[in-house]
Amino acid sequence: NRLSTGLGIDRLKKYWTLFGLNEPTSIDLDSERIGFLPDAKEKEKRTGQIWRIGDTYNVSIGQGDLTMTPLRLLTFYGSIANNGKMLRPFLVSKILNDKNKIVKENLSEEILDYTDFGDTIKEVQKGLRDVVAQPYGTANLLYDLPYKTAGKTGSAQIQNNTKTNAFFVGYGPYENPKITILVLVEDAKEGSINTLPIAYDVLKWYYENRL
């Protein structure tokens, strides 16, 4: 039998890059920060330590040296909801003058297309739905919402692993997504306990006032 080498850090970084995770979202703000995608050569040059399999395990679940801005994570989840099409985020929809005429309008702009991964995206979507729909899912609290949602809870270690921020990232309605949401609670260890009540209220408000 051939020995499987697994996914490995090089292939992980290849896919991170393919999905634009090392690029700014180009939101309409100045000085947008970007995250950091580690690799074996960079770690050895920076620390003098070789890349170990434990490092790969860490980054595969979003821990270790891998960093990402909440905005980049939100935009990526939006692309999953959108079947592989990533849109540029805007804070401002349009600017009107004193006569209510449009001076500037920010229209939907596609910045990345990975719809070729259609079958894989569908499996990811099913997994994100199960996180909400299944009793064992960490976001099962959202199952009682009046429309189907999907997402993932998590935690981000920062400040040399001395502090943990709780996350939830998700979207809805599941079949025809209209909203992507990221909830971040600083210095809180459990994503499901600390973020889901906030996400529930926001997603319910959206249903009652926007859908």
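I began with the largest pocket, where β5 gives the most to the lining, with 7 residues. The model is predicted, so I kept to its limits: local features need pLDDT of at least 70, side-chain atom pairs count only at pLDDT 80 or more, and totals for chains, interfaces and linings use all residues. Residues are numbered from 1 along each chain as its sequence is written, and side-chain values use heavy atoms, with hydrogens and water left out.

I noted the terms next. On a 1 Å grid over the protein atoms alone, a pocket is an open set of points with protein on both sides within 12 Å along at least five of seven lines, a cavity is a set where a 1.4 Å probe fits but cannot get out, and lining residues have an atom within 4 Å of a point. A volume is the space filled by probe spheres set on the points, which are joined across faces, edges and corners. Strands (E, at least two residues) and helices (H or I, at least four) are DSSP runs, numbered from the N terminus.

The largest pocket holds about 1400 Å³ of space. Of its 42 lining residues, Ile61, Gly62, Leu66, Met68 and Leu73 are the closest to its centre.

I then turned to the second largest pocket, with a volume of about 550 Å³. Its lining has 18 residues, and Gly78, Leu87, Lys178, Ile179 and Thr180 lie nearest its centre. Helix α4 gives the most to this lining, with 6 residues.

Last, I looked for cavities and found 1 of 30 Å³ or more. Among the residues that line the largest cavity are Leu21, Glu32 and Arg72.
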